[in-house]
Amino acid sequence: MDRRGFIKTCGTVAVASFIDPSLFSQVLAQQQDGMFQAYKKALLVKSDGTPLKEEDIKPQVNYIFFYPHNATPCYLINLGETVPPAEIKLKDGKSYRWMGGVGAKKSIVSYSAICAHQWSYPTPQYSFINYYPPDKPSETTKKAGIIQCCAHLALYDPKQGGSVIDGPADFPLASIVLQEEGGRFFATGVLGKDQFQQFFDNFRTELRQQYGSTAKARELVDKCIVMEVDKYVQAVVRC
Amino acid sequence: MSKQWLGVNRRELLSGVVAVGLSAPLLAYSAPQKRQKAQVVVVGGGYGGVTTAKYLKRENPNLDVVLIEERPFFMSCPMSNHFLAGLMELSSLCFSYNVLEVKHGVRMINDKVLGVELDKKVVRTSSGYIAYDYLVLSPGIDYDIEDKPFYRDSLIYNPPAFKPGSEHIYLKRLIEDFEGGDIVISVPTPPFRCPPAPYERAALIASMIKRNKLKAHMYFIDANERPIINSEGFLSAYYDLYRDVATYITSAQVRDIDVQKKVVRTSHGDFKYEIANIIPPMKASKLLEEAGLLKRGQKWVEVNPLTFETSVKNVFVIGDASQSYLPKSGYAAHSEGKLVAKIINARIKGKEVKEEYLQMICYAMVSDKEAIMAETAFRYDTVSKRFIPTYREDNQRKESTAKRYEEWARGLWRDLFS
């Protein structure tokens, strides 16, 4: 996407979502050259089932929810500062526009928690891929404010649409498109190169054990329970 | 009856019957030598070869790619110490090549490569010739034992278990049958396949002696002054955990092995053993020597460090057989395979690829529950024209690192075989 296209997309999406939020996904889909996939619109809720509000999302805490499928994990992070939109360039020459943070401060971002390198993901037992807040840098890479996978040290930048900072990943993390409507948050789709097919291919056995069947694991959701990662995962493996 | 029968058509079948009838004793020699053509031929179905073949097809599904591997299935050397120490089943390390053919369209040939004729651009197998435009050789290592014949006997009795397959299975049986006595493990000077592997193996065997309360002692004979990687982590594990069951002897050369009397003779004395795991020096596969890619006295094939191309255009050597800035490991071979696939696909399209420096990450168990790790990044110094490594080691043994180690391996396997 060239500079003109980039600015045009920003303007179009901003105007469209201002007039009617439901147009948001359609416009995004048209503008992103196949890099955006709309899914069921899903409300983010707390463990008690009530809608998640902005004040519930504490800065620098790593939250998890599952979207767009029952079994596909995503991270939600309030980065504590305004996160502007960015153009994400892929190694194959394609690019897409990441919309930046949402919420009053535009500080809330969300990404697929399936590592784009070799598909490590947070399970109830372990999470090798995690967010490292500014005050808790990685012992190995010494970097903070990043999402890092400890299996092969793939590093992603949550302030830059999940772009690869370092390590072996070929693609950024796919980002989850969030919309705020009347103080409530909805997930509406996935932007970027998602890893869902590889995820379902590779973890068939584990998903069958956890969800009863792969069909159940693949079911699309219309509501997502958001919780802190260490309440879902027994051992958060940091490195 | 179908015109096709086990891949042989009616005409071939009939001509074969005639040939058998006329000259049965000469059957092996008179069998028609098939000739095939592929755009890319990949030799060797280890980490490097599988990755190259898969990524070539993934980026360019129309490409005609042949992968030739003698073994019927893949067995991983990384994590094989887990198998030897009873921490992982052999089945976890083994994978079928089937997925490469069915899902990615790689033509798999389960055959032995007898030779490579670079001038004619053909690979010779036991069932015929395969011509190529691009050739990727990833045949791995051989044991370098020609000038030290005592290693030859030792190979039969004392499997080194540095080539995947039966060596591991036999060594595992020796370990399972072991009830007490002395164990000797020896390490040569580098380069050898997977630098932390002998040190990890020594730690796991010592750990097993302790865990099973065996009346046993391990002598770990290292030709090097200290562990060649994660020195601090290995030494502290040996000292803290295994002082009472193991002795680490450094800068010691193996001079002879008497397999009948079960004695290893070294520069630091003789050691009797119940089990010996003598790891011989290594060199690139003999296939590469016969192909003319190794000059006299060379043990590893010189390649362009940025492309892994040999002195012969469009012929690449990757993995443990090449002399590169990366250590010899499955992880490095995997990264090299991805890079070479990218280079070949770009060349076919008449494009260039950006320079890329690969990184290394590896782990090693130091007990049955804890591991240490090392990461190495490289930059190219244009003045000295050398690759400068930057090491980041985590020598604190941790259970969480052992979990990362397992995920590291499982991630690689997912990438290779999905």
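The following dialogue considers how to read several features of a predicted model.

Q: Under which conventions are the values given?
A: This is a predicted model, in which local features need pLDDT of at least 70 and side-chain atom pairs count only at pLDDT 80 or more, while totals for chains, interfaces and linings use all residues. Residues are numbered from 1 along each chain as its sequence is written, chains are lettered from A and ligands numbered from 1 in the order in which they are written, and side-chain values use heavy atoms, with hydrogens and water left out.

Q: What pLDDT does chain B average, and where does pLDDT stay under 50?
A: pLDDT is the predictor's confidence in each residue, from 0 to 100. Where it is low, the predicted coordinates should not be read in detail. Chain B averages 91, and 92% of the residues score at least 70. Over residues 1–31 of chain B the value stays under 50, and the model has 11 contacts (heavy atoms within 4.5 Å) beyond four places in sequence for them. The model scores ipTM 0.84 and pTM 0.88.

Q: What area do chain A and chain B bury between them?
A: The size of an interface is often given as the accessible area lost when the parts come together. Here buried area is that loss, with a 1.4 Å probe, summed over both parts. Chain A and chain B bury about 1900 Å², 49% of it on carbon and sulfur atoms. Q118(A), T140(A) and H152(A) supply 25% of the area that chain A buries against chain B, more than any other three residues. In contact are 22 residues of chain A and 21 residues of chain B.

Q: How many salt bridges cross the interface of chain A and chain B?
A: A salt bridge is a side-chain nitrogen of Lys or Arg within 4 Å of a carboxyl oxygen of Asp or Glu. The rule finds 2 across this interface. K103(B) and D201(A) form a salt bridge through their side chains, at 3.2 Å from N to O.

Q: Is M79(B) buried or exposed?
A: Buried means under 20% relative accessible area, exposed over 50%, and partly exposed in between (1.4 Å probe, protein chains only). M79(B) has a relative accessible area of 2% and is therefore buried. Its phi is near 80 degrees, a positive value in a residue other than glycine. C194(B) likewise has a positive phi, near 55 degrees, but is partly exposed at 25%.

Q: Which residues does a cis peptide bond join in chain A?
A: The bond joins Y67(A) and P68(A), with omega about -5 degrees. In chain B, a cis peptide bond joins P190(B) and P191(B), with omega about 0 degrees.

Notes: Buried area = accessible area lost by both parts, 1.4 Å probe.
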